[in-house]
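Colleague: Hi! Could you walk me through this one? I'd like to start with the inside.

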Amino acid sequence: MSAKTVYFDNNATTAVAPEVLEAMLPFLRDQYGNPSSMYSFAGRSQEAVARAREQTAGLIGASPEEILFTSCGTESDSTAILSALRARPEKKHFITTRVEHPAVLSLGQYLEKQGYTVSFLAVDGKGRLSLDDLAAAITKDTALVSVMFANNETGNIYPVEAIGKLCRERDVLFHVDAVQAVGKIPIDLQALPIDYLALSGHKLHAPKGVGALYVRRGAPFRPFLRGGHQERGRRAGTEAVPNIVALGAACALAAEHTSDENTRVRALRDKLQERLLAEIPEAIINGDPEQRLPNTMNISFKYVEGEAILLMLDQFGICASSGSACTSGSLEPSHVLRAMGVPFTYAHGSLRLSLSRYNTQEEVDFVTATLPKIITRLREISPYKHLADDASPGDGAACACQA
Amino acid sequence: MWEYTDTVREHFLNPRNVGELKDANAVGEVGSLACGDALKLYLKIENNIIQDASFQTFGCASAIASSSALTEMIKGKTVEEALAISNKDIANFLGGLPREKMHCSVMGQEALEAAVRAYRGEPPVPHSHEGRLVCKCFGVTEDQIVKVIQENKLTSVEEITNFTKAGGGCGDCLEDIRGILEATLAGKAPGGNKGAERPAPAGIGDLRQQDGATPPLSNVQRMQRVMTVLDEIIRPRLQQDGGDIELLDINGKEVSVALRGMCTSCPSSRLTIEGFVQQTLRDQVEADITVREVAP
């Protein structure tokens with residue numbers, strides 16, 4: 001196996017930035033004071049948390065008091081959604097989409113069992129939502145709408161500004177899972193009509209185990225974790241000072257690098273996509289190329305299976321993801337690709353490549369040189385290698401019990 | 001990440017016997033593009049010996065490794081020896097498969113059965129694939145589910161999904177699978193609910209255990225039922241082909257028999273014992289009966 005790791009799975013998690021590690025290390029060593037304690041030794045921890053709050057708020061155009069630190073993106077999503085619903089107990093309708101991350105999707109399914117009516121909005125073949133569908137779904141009983149800023153599998157960016165306006169007009173609260181968007185595209189919450197927004201540290205070069213929730217000033221809030229007075233009583237539990245400091249540092253770095261993501265990283269991704277499509281027949285891009293994160297590419301190869309691609313890439317040290325059934329632990333391809341109606345023949349052979357600012361042209365060249373050989377090899381093994389010409393999207397129907 | 005053994009990885013990265021076999025005289029195909037895995041198995045059979053075998057597989061690493069292992073295992077074997085290979089044998093050859101991936105080994109076994117049926121000029125759908133369709137997503141029948149439960153001693157719905165994929169799609173059939181599992185564990189024959197399509201031959205319908213958990217059979221009850229089924233179902237079928245069967249002993253749940261007449265020289269006697277005699281006794285008497293052939 002190749003000694004070098006070529007990491008193209010940055011939507012799964014990211015490397016901790018060296019600057020971020022430096023920033024957090026003192027709080028893992030000497031600066032271990034509890035921010036709630038009274039002496040000046042602990043005061044330094046308190047100051048560090050306050051600074052991190054400013055840095056985090058700064059990245060997304062929020063005020064520091066609108067940020068509360070959590071343990072992860074999922075906690076932020078759960079806190080926001082349950083908070084909004086508890087704040088409007090007379091309303092029993094929740095709207096979200098079929099392409100959400102499980103952090104929201106599973107919670108929606110749970111809420112259904114708890115007696116809520118939940119609308120899971122459909123998407124079109126490119127994964128796009130219809131604003132008309134959303135407008136039609138909102139009723140007098142609707143408490144909350146939750147739509148992701150960007151999709152983790154396809155990179156699709158959703159029109160949260162327009163959705164937020166619609167929610168405002170109809171007096172509905174609006175939550176956004178922005179875990180994949182923060183740090184990759186500019187976000188200004190002063191301009192966006194969003195009530196709650198979730199983000200996660202490890203997707204933007206901070207370590208795992210820290211996230212944040214933006215709660216717009218004035219938006220109703222009910223704590224998820226109850227206990228001590230931390231986070232002004234909105235999230236009990238001793239602050240994870242080193243992680244919070246790391247998140248702050250990562251947000252400050254991301255603010256510096258957002259333009260780089262949108263120029264250099266985007267150019268790398270586009271080149272990679274262009275060359276793979278040119279070299280590999282029967283490949284399609286999943287998602288909406290017009291409204292997409294600059295770092296993400298979801299490509300499907302017919303007649304091969306995703307897990308086999310991943311394990312062969314692994315032999316070359318290349319890290320990526322797939323939406324195939326065999327990699328998901330379930331027996332069906334990813335819910336996102338199915339919601340988009342991607343034919344099963346393509347969905348089983350999907351590959352997600354997600355870049356970061358640490359990726360290089362050499363790495364893109366290496367993947368471009370390696371992947372076509374792997375697809376050719378797997379197609380040689382496949383009994384369908386001769387079917388290339390007469391297979392049609394209809395092939396997917398036989399196995400699809402839910403579209 | 002899946003926990004694959006080194007053998008699985010090795011057979012995935014360097015699969016043996018890949019590709020079409022030009023002079024194959026038996027081809028078996030299972031699975032589909034839509035379902036995410038498919039296997040086409042090519043055999044060259046001469047004088048009842050599998051001289052050569054090759055495969056083409058669409059699927060994950062364990063599907064490709066299982067196919068490669070299967071071709072290595074069956075080369076040089078007689079057809080009957082090959083048919084005796086179970087999905088467990090394929091998994092064992094690979095040093096084990098993750099539970100969630102056991103359906104890959106089942107696919108290998110089914111492709112082999114399909115190829116042999118094609119070679120013998122039998123209808124392309126194996127007998128075990130007949131019966132009521134349970135899982136519409138993956139096209140799994142009640143008989144297939146009962147078979148994996150019995151052969152692999154499965155005890156949970158989750159295991160059945162791992163082995164057959166049944167229930168792994170929309171999940172609508174999970175309750176149905178639970179019912180089949182409970183009935184099978186209770187020793188009930190398949191087809192007990194929602195319209196059985198394998199009619200019981202006249203006169204022995206009363207032998208099949210009825211609804212609800214029934215107490216285990218006593219030794220005497222079991223012997224009587226085995227003898228009745230042998231006399232009324234199994235022997236008449238064998239006699240049609242010029243053969244016969246003799247009951248030698250019943251020791252607990254092990255039934256010893258000897259094949260007579262044409263059966264003694266029939267190359268598929270092993271298939272007859274396992275596929276027909278044992279299966280019929282399992283269906284009609286008790287799910288965990290084993291049949292042993294004593295040389296004539």
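Colleague: Which residues touch the most other members of the largest nonpolar core?

Modeller: Keep in mind that this is a predicted model. The largest nonpolar core has 87 residues, and those touching the most other members are A:F301, A:I309, A:L351, A:L378 and B:L43.

Colleague: Let's pick one. What does A:L351 touch?

Modeller: Leaving out residues up to four places away in sequence, its contacts include A:M297, A:F301, A:I309, A:L313 and A:L371.

Colleague: Nice. Changing topic: how many residues of chain A and chain B are in contact?

Modeller: 32 residues of chain A meet 36 residues of chain B. The area buried between the two chains is about 2700 Å², and carbon and sulfur atoms give 68% of that.

Colleague: How many salt bridges are there across that interface?

Modeller: The rule finds one. It pairs A:E307 with B:K101, whose closest N and O atoms are 2.9 Å apart.

Colleague: Which helix gives the largest share of chain A's side?

Modeller: That is α8(A), with six residues. Sorted by type, the residues on chain A's side are 15 nonpolar, nine polar and eight charged.

Colleague: How many salt bridges does the structure hold over all chains?

Modeller: There are 32. One of them joins A:E363 and A:K4, at 3.5 Å from N to O. A:E363 sits in helix α12 of chain A and A:K4 in the segment before β1, so the pair ties together parts that are 359 residues apart in sequence.

Colleague: Is A:E363 buried or exposed?

Modeller: A:E363 is buried, because its relative accessible area is 10% and the cut-off for buried is under 20%.

Colleague: What about A:E231 and A:R53: buried or exposed?

Modeller: Both are buried. Their side chains form a salt bridge at 2.8 Å, and the two residues are 178 residues apart in the chain.

Colleague: And where do B:R178 and B:E175 lie?

Modeller: Both are in helix α8 of chain B, three residues apart, about one turn of the helix. B:R178 is partly exposed at 37% relative accessible area, while B:E175 is exposed at 56%.

Colleague: Last one: which residues are linked in a network of salt bridges?

Modeller: B:R222, B:K253, B:E286 and B:D288 are linked that way.

Terms used. Residues are numbered from 1 along each chain as its sequence is written. Chains are lettered from A and ligands numbered from 1 in the order in which they are written. This is a predicted model: local features need pLDDT of at least 70, side-chain atom pairs count only at pLDDT 80 or more; totals for chains, interfaces and linings use all residues. Side-chain values use heavy atoms; hydrogens and water are left out. Contact means heavy atoms within 4.5 Å. Buried area is the accessible area (1.4 Å probe) that two parts lose on being put together, summed over both. A salt bridge is a side-chain nitrogen of Lys or Arg within 4 Å of a carboxyl oxygen of Asp or Glu. Helices (H or I, at least four residues) and strands (E, at least two) are DSSP runs, numbered from the N terminus. Ala, Val, Leu, Ile, Met, Phe, Trp, Tyr, Cys and Pro count as nonpolar, Asp, Glu, Lys and Arg as charged, and the others, Gly among them, as polar. A nonpolar core is a set of buried Ala, Val, Leu, Ile, Met, Phe, Trp, Tyr and Cys residues joined through side-chain atoms within 4.5 Å. Buried means under 20% relative accessible area, exposed over 50%, partly exposed in between (1.4 Å probe, protein chains only).
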